[in-house]
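Please walk through this structure with the sequence at hand.

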Amino acid sequence: MAAPNQSTLLPLELVDKCIGSRIHIVMKSDKELVGTLLGFDDCVNIVLEDVTEFETTPEGRKITKLDQILLNGNNITMLVPGGDGPEV
């Protein structure tokens with residue numbers, strides 16, 4: 001069996017390296033969130049703290065601050081490690 005390539009990084013390994021760091025999450029709905037990643041499971045259900053939620057509405061962008069949130073992995077489109085969120 002060949003030794004694994006050191007540059008190979010599986011998706012969940014990358015998410016695991018982001019625990020304790022800021023992460024930008026794009027949801028399937030018109031919401032994006034930025035917060036500190038506390039943890040996740042194999043279904044990529046995610047727990048964030050110190051969260052800023054950006055929601056696009058017909059009236060414009062709505063920004064909500066949350067202490068903590070649990071996100072269902074089925075509704076997540078994209079994870080951006082170290083992301084600052086959408087352009088304001």
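In this predicted model, the largest nonpolar core is made up of 13 residues. Ile25, Leu33, Leu37, Ile46, Leu48 and Leu71 are those with the most contacts inside this core. At least two of the core residues come from each of the strands β1 (22-27), β2 (31-40), β3 and β4 (60-71).

With neighbours within four places in sequence left aside, Leu71 is in contact with Ile25, Met27, Leu33, Val44, Asn45, Ile46, Leu48 and Ile76.

Strand β3 covers residues 46-57, and Thr52 is found in this strand. The relative accessibility of Thr52 is 9%, so the residue counts as buried, the cut-off being under 20%. Apart from neighbours within four places in sequence, Thr52 is in contact with Glu32, Leu33, Val34, Ile63, Thr64 and Lys65. With Lys65 there is also a polar contact between the two side chains, at 3.1 Å.

That leaves the cysteines. How many disulfides does a search of the whole structure find? The search finds zero. For Cys18, the nearest cysteine sulfur is that of Cys43, 19 Å away, and Cys18 is in no disulfide; a disulfide would need the two sulfur atoms within 2.5 Å. Cys43 is likewise in no disulfide, with the sulfur of Cys18 as its nearest cysteine sulfur. Are these residues buried or exposed? Cys18 has a relative accessible area of 7% and is therefore buried, whereas Cys43, at 55%, is exposed.

Technical notes: Residues numbered from 1 in each chain as written. Predicted model: local features only at pLDDT ≥ 70, side-chain atom pairs only at ≥ 80, totals over all residues. Heavy atoms only, no water. Helix = DSSP H or I, 4+ residues; strand = E, 2+ residues; numbered from the N terminus. Buried < 20%, exposed > 50% of the residue type's maximum accessible area, 1.4 Å probe, protein only. Polar contact = N/O pair within 3.5 Å; in protein donor to acceptor, adjacent residues only side chain to side chain. Contact = heavy atoms within 4.5 Å. Core = buried A, V, L, I, M, F, W, Y, C linked by side-chain atoms within 4.5 Å.
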